[in-house]
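Dear colleague,

Please find below the structure that I am handing over to you. A summary of the findings follows it.

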Amino acid sequence: MTKEKTHPWRLCPAGQYWVRTHPRHVQPSPKNPTGLTEVEGHCKTNPSRKDQIYLDEIGQIATDQFSRLKGSPKADDLDYPKGNDFDVLIRG
């Protein structure tokens with residue numbers, strides 16, 4: 001039984017949370033002499049079973065979705081050198 005997502009942008013269904021891609025140390029072998037591998041991002045069951053969203057999922061949503069939105073905020077750097085660098089986040 002697959003649970004539904006609470007929002008189309010959410011990466012995981014209710015009761016689960018997003019675990020970002022991260023390195024994992026394993027026993028070195030001829031196939032993997034460095035002993036370092038990468039675990040792909042995935043959903044994991046939240047022990048509390050509550051619908052919670054954490055920073056890793058918010059960041060992934062921003063990366064995946066915010067740049068697709070139409071209609072930028074008004075271009076106004078507010079007299080800061082990098083004032084327009086955050087328009088995508090503001091729009092999201």
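Predicted model: local features only at pLDDT ≥ 70, side-chain atom pairs only at ≥ 80, totals over all residues.

Overall form

The chain contains two helices and four strands. Along the sequence they follow the pattern β-β-β-β-α-α. The radius of gyration is 18 Å, whereas a compact globule of 92 residues would have one near 12 Å. Taken along the principal axes, the C-alpha atoms fill a box of roughly 55 × 40 × 20 Å. Of the 92 residues, 18% count as buried. Among the contacts with a separation of 6 or more, 45% are accounted for by residues 24 or more positions apart.

The disulfide

A search of the whole structure finds one disulfide. It joins Cys 12 to Cys 43, with an S to S distance of 2.1 Å. Cys 12 lies in the segment before strand S1 (16–19) and Cys 43 in strand S4, so the pair ties together parts that are 31 residues apart in sequence. The torsion about the S-S bond is about -95°, so this disulfide is left-handed. Cys 12 counts as buried because its relative accessibility is 1%, while Cys 43, at 28%, counts as partly exposed.

The salt bridges

The structure holds three salt bridges. In one of them, the side chain of Asp 51 meets that of Arg 10, at 3.3 Å from N to O. This pair links distant parts of the chain: Asp 51 is in the loop between S4 and H1, Arg 10 is in the segment before S1, and they are 41 residues apart. Arg 10 is buried, with a relative accessible area of 8%, whereas Asp 51 is partly exposed at 39%.

Glu 57 also forms a salt bridge with Arg 10, and the closest N and O atoms are 2.8 Å apart. Here the partners are 47 residues apart, with Glu 57 in helix H1 and Arg 10 in the segment before S1. Glu 57 is buried, with a relative accessible area of 1%.

Asp 56 forms a salt bridge with Arg 20, the closest N and O atoms being 3.3 Å apart. Asp 56 lies in helix H1 and Arg 20 in the loop between S1 and S2, so this pair ties together parts that are 36 residues apart in sequence. Asp 56 is partly exposed, with a relative accessible area of 32%, and Arg 20 counts as partly exposed at 45%. Salt bridges that share partners join Arg 10, Asp 51 and Glu 57 into one network.

Exposed residues

Ile 53, Leu 55 and Ile 58 form a nonpolar patch on the surface, with about 310 Å² of accessible area together. Leu 55 belongs to helix H1 (residues 55–65) and is exposed, with a relative accessible area of 72%.

Arg 49 lies in the loop between strand S4 (42–45) and H1, and is exposed at 56%. Its phi is near 65°, a positive value in a residue other than glycine. Most residues other than glycine have a negative phi.

Pro 30 lies in the loop between strand S2 (22–25) and strand S3 (36–39) and counts as exposed, at 84% relative accessibility. Pro 30 and Glu 57 are 27 residues apart in sequence and 35 Å apart in space, C-alpha to C-alpha.

Yours sincerely

Notes. Residues numbered from 1 in each chain as written. Heavy atoms only, no water. Patch = residues over 30% accessible without salt bridge, like charges linked within 9 Å, V, L, I, M, F, W, Y side chains within 5 Å. Areas by Shrake-Rupley, 256 points an atom, 1.4 Å probe, with all protein chains shown as cover. Salt bridge = Lys/Arg side-chain N within 4 Å of Asp/Glu carboxyl O. Buried < 20%, exposed > 50% of the residue type's maximum accessible area, 1.4 Å probe, protein only. Rg over C-alpha atoms; globule rule 2.2 N^0.38 Å. Contact = heavy atoms within 4.5 Å. Disulfide = S-S within 2.5 Å.
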